[in-house]
Amino acid sequence: AATAPGKKITARLKRTLPVRGPQAPTLSELMRWYCLNTNTHGCRRIVVSRGRLRRLLWILLTLSAVGLILWQCAELLMNYYSASVSVTVQFQKLPFPAVTICNINPYKYSAMKEYLSELDKETKKALETFYGFSEGKSKVRRSVDEWNSTESDFFQQIPLLKVEDFSRTATDLHSGQKRKIEGSVFHKDSSIVNSGDSNDIIGFQLCDANNSSDCALYTFSSGVNAIQEWYKLHYMNIMAQIPLETKEKLSYSADDLLLTCFFDGLSCDKRHFTRFHHPLHGNCYTFNSGENGTILSTSTGGSEYGLQVVLYIDEADYNPFLVTSTGAKIIVHDQNEYPFIEDIGTEIETAAATSIGMHFTRSRKLSKPYSDCTETGADIPVENLYNKSYSLQICLHSCFQKAMVHSCGCAQYAQPLPAGAEYCNYKKNPNWMYCYYRLHEKFVKEQLGCQQICKDACSFKEWALTTSIAQWPSTVSEDWMLRVLSWDKGQKLNKKLNKTDLANLMVFYKDLNERFISENPANTLVILLSNFGGQLGLWMSCSVVCVIEIVEVFFIDSLSIVMRRQWQKAKKWWNDRKQGSSGKAPQASDVERQGHDNPVCIDEDLPTFTTALRLPLPQDSPLPRTPPPNYSTLRLETAFTEQLPDTLELGQH
Amino acid sequence: PGRFELVSEHLVQLDRMAEESITFLYGINTSARLFHMNDRNIHVQGLSNLSRSGFKLSQNFSLLRMSDLRSGKKHSSVGFRLCNSTGGNCFYKTYSSGMDAILEWYRFHYMNIMSQLPVIINISQHEEQIEDMVYSCQYDGEPCRPSDYVHFHHPVFGSCYTFNSKGTDPFWTATKPGIPYGLSLILRAEQKDHIPLLSTVAGVKVMIHNHNQTPFLEHEGFDIRPGIATTIGIQQDEVNRLGGNYGKCTTNGDDVDVKLLYNNSYTLQACLHSCFQHIMVQECGCGYYYYPLPAGAQYCDYNKQPAWGHCFYQLYNRLRNHHLNCFDQCPKPCRESLYKVSAGTAKWPSAKSQDWVRQALRHQNGYNSTSNRKDIAKVTIFYQQLNYQAVNESPLLSENLLLSSMGSQWSLWFGSSVLSVVEMFELLVDTLVLSLLFCYQRLRAKKTLRVSPTIPSVSLALEN
């Protein structure tokens, strides 16, 4: 009585079970049924294929496919979640960039007197003779006479010439000699400017010291440019001979330059600035250079929260020939970047408040296979002469400097020194200026290969600047402010400050929006595989497993069948030969005609078992046929066993 | 900003005090030393017209010079002392430069004085009309209409005017890009009325912003220099953020905890200011003068709250160092318009033309400047291009794409679909049920074996 309900339940379960397989519900049966009926190819093949090795292979394949799915899907999921998360991590506090400030005038003119007095005197004289320009009237007369008697060093090195374009003759402005121009003429200005009146072109000539016939004449449409360029060449010669420590002393100190400093609502002073010596701009001061390991950041956008400095620009101490504008130059850059003040600096005006609003953009390019950029610059064959992080500008400058040292034997003044080289000056390298100009010409025409070697950096930061200027100080506040600032400046400066000696600068984030532009590969491996799988599935409802199946059936299996047949043929042929050599077997060509199904004798013969049943005749029978007996059952049987081994085997099974 | 008549007496007092401080600090050539002003409160005389407020200028907060002992005699700093209500926990707000110190000190007093101004007073009544500030206005070659601007009072800059603040008028739609089709203004930038210690720059502030957005001129204003014609080209950028899981942002500010004190559309800056003002009212008991007031609060005044300066500067420090959670509470707006600005300048009016320009202005606008060239400015604001750049955030992998990629992976490696996955599940269930059944039967079988062990042995015996 106790067993009856249990049995009932079992029966009921068996009836209502979701098992759709064969009735015998053992586990192995169920699995077998599942594998035969599912549309995932792998399982089916496990069951269907015969042979232990092949089955094992299919199990392995199926398992690895499952593993691959799990891996790839996990990757996709991780990608999905990480992408959504990475945007949220945005602390609304932006690191403040480094701000480098330079006076436009590199060195104090008064301090430079002992180095430059000769050159300045020459320049003044040149101006007098060219333009009749005079400063102190009586003094000039005398100095002109003096000049004519003494031979000038500077003009011997690089003579200033007045060029008549059409006659191709030039007048040496110093000695008054006329000379024929040899070699090539380079116009530093566009030809449109000076096409009208070419009678008054001023330029200078640079000759190869070893081969004086090889000269190049550089002309300028305006005398201002010519004289400035000429002055700069000599100036670089002189500066190249002065050691760095001396130059730093000759330039402005932090106390000289900075009057007040205010950052993010807090007072700051010269300890927040790092000195940095720029060959063309003298001492520059970098705010927030990150040298002591901390990088300042601002809490909110707006001019109150940025850097506010008042700069002292001593206009009276400017070099009259080297610089013609007054003010300061600033550049906003990353802490790891080298400030290329001469290339991309922003100039600010005196007696004005310049407010510079910044907008921060960070970009990232994908490196090697996607675009031709470099991550660290380590893969570029140009040595980085600046010990700052790689940029295209650094690479170009370093490349040029290297070429300069290589072909001229000395280094150009405006760029840092490579190891073992020294700056050019015409005491040691009398030829360098000609060489430099030639090299520069080549560099600009991209013949040095620098532009081809140097690549863009993959990631860079950029601060877009918006500049606006207001009058400062306002007329009513001028009075008290100048007084206070003069006091701040200290007693050593006895005179009251003039407002044209001051510049007010504000650098701030306009807003704390950071724009981040990054390239993403359009096809990652996962997406590529997905697309591939999608196409396969869509058009063929096929998978990799199915492809393997195709390979198995169409190549391995069919090949093995063909091979087996060939093997059997070969075996038969061998056997034939063996029998033929013993002399028993008839000729192979007679085989067809010797049996009872020989069309010649079929009519006379009694109906055999085969013909009566209309069974298909064994063709290509590999066995030699004996002449027909009256009943050939025995031979037929052997023929069948030979012919259809598969069916027999199946039947046994 | 101009001077209000109501508080002008106080301002004069303050100026005098500032002058005293300056001469004390700089006129006398003293070495660095610490000094205390006597704690006396001077009743400002001649304030009969303001007797109801009873305001007095406190001299508790005087400028001091102190030497920084660590860095030697060269570094002396100037500052003023702030204490809490009990007189303890004092700290010095110091600046390395006297100029900054004086400016901050003056601003502090100025805020106290200005808090006297009753908010209810219709300020525009006391202020200049637009004609005093804008001499000429043209848009798209046509003169502006008097209804085109909105006047508002800015705590820092005084009276400001917003053109086209609603953005609904068809008159202001931009039809063509280029300078002739932009907004052209001739502005007065007179410096006579400036308060010398409040702001040291001269000029006009211009800000280009969205409709219905509070302009924070002190943060994002563009300076216009007097005596100069400035041409400002603008280009619109739009940023759309995804929000949700992709980054916190708010569509209209409704879901932000901070109650906006500005009745304009939501901006991050407005939210930060409101947040700070709420905390300020909560902790210091009064509102910061430069931000608008929440309901029921009043502006700080050291006659009523003697310690507010102490409280304020400490609170402000905490905001800056992100110790207040204002930055967490205020998300960025999901949709933002930015105007990229680039400007060029030229001298204006030119030496040749300035005579007739002045004549014309004098005739028409009652402009009465004599020879000082630097008190008028010209601004032209125009669209460089009429198209705008939109920066849209888009998810790298959307749900759709995720599913399709996963499906593709399945089909690639396994040739199956969701249905085969369901099939597998079915198999699992089947296996489970079958194995349970099997176990059950095994158990049953064991039981029956134990119950009747004798029967088989009997049958065996029979067979034998």
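Modeller: Helices here are DSSP runs of H or I with at least four residues, and strands are runs of E with at least two; both are numbered from the N terminus. This is a predicted model, in which local features need pLDDT of at least 70 and side-chain atom pairs pLDDT 80 or more, while totals for chains, interfaces and linings use all residues. Residues are numbered from 1 along each chain as written, chains are lettered from A and ligands numbered from 1 in written order, and side-chain values use heavy atoms, without hydrogens and water.

Colleague: What makes the group with L538(A) and I556(A) a nonpolar surface patch?

Modeller: A patch takes residues with over 30% relative accessible area and no salt bridge; nonpolar side chains (Val, Leu, Ile, Met, Phe, Trp, Tyr) are joined within 5 Å, like charges within 9 Å. Accessible areas come from the Shrake-Rupley method with a 1.4 Å probe, and for residues only the protein chains shown count as cover. The patch covers about 1,000 Å² and includes W539(A), M540(A) and F554(A). Helix 17 (525-540) and helix 18 (544-582) of chain A each give two or more residues.

Colleague: Which helix of chain A gives the most to the nonpolar patch?

Modeller: Helix 18, with seven residues; I556(A) is found in that helix.

Colleague: Why is the pair E349(A) and R225(B) called a salt bridge?

Modeller: The term needs a side-chain nitrogen of Lys or Arg within 4 Å of a carboxyl oxygen of Asp or Glu. The N to O distance is 3.0 Å, so the pair meets the rule. Across the interface of chain A and chain B the rule finds one salt bridge. On the side of chain A that touches chain B, helix 4 (residues 52-86) gives the largest share, 13 residues.

Colleague: How many residues does each chain bring to the contact?

Modeller: Chain A brings 103 residues and chain B 90, with contact meaning heavy atoms within 4.5 Å.

Colleague: What is the area that chain A and chain B bury between them?

Modeller: About 8,500 Å², with 61% of it on carbon and sulfur atoms. Buried area is the accessible area (1.4 Å probe) that two parts lose on being put together, summed over both, so this figure counts both chains.

Colleague: Where does the peptide bond from W348(B) to P349(B) stand, cis or trans?

Modeller: That bond is cis, with omega near -10°. P349(B) is in the loop between strand 14 (335-347) and helix 9 (354-365) of chain B. In chain A, a cis peptide bond joins W472(A) and P473(A), with omega about -10°.
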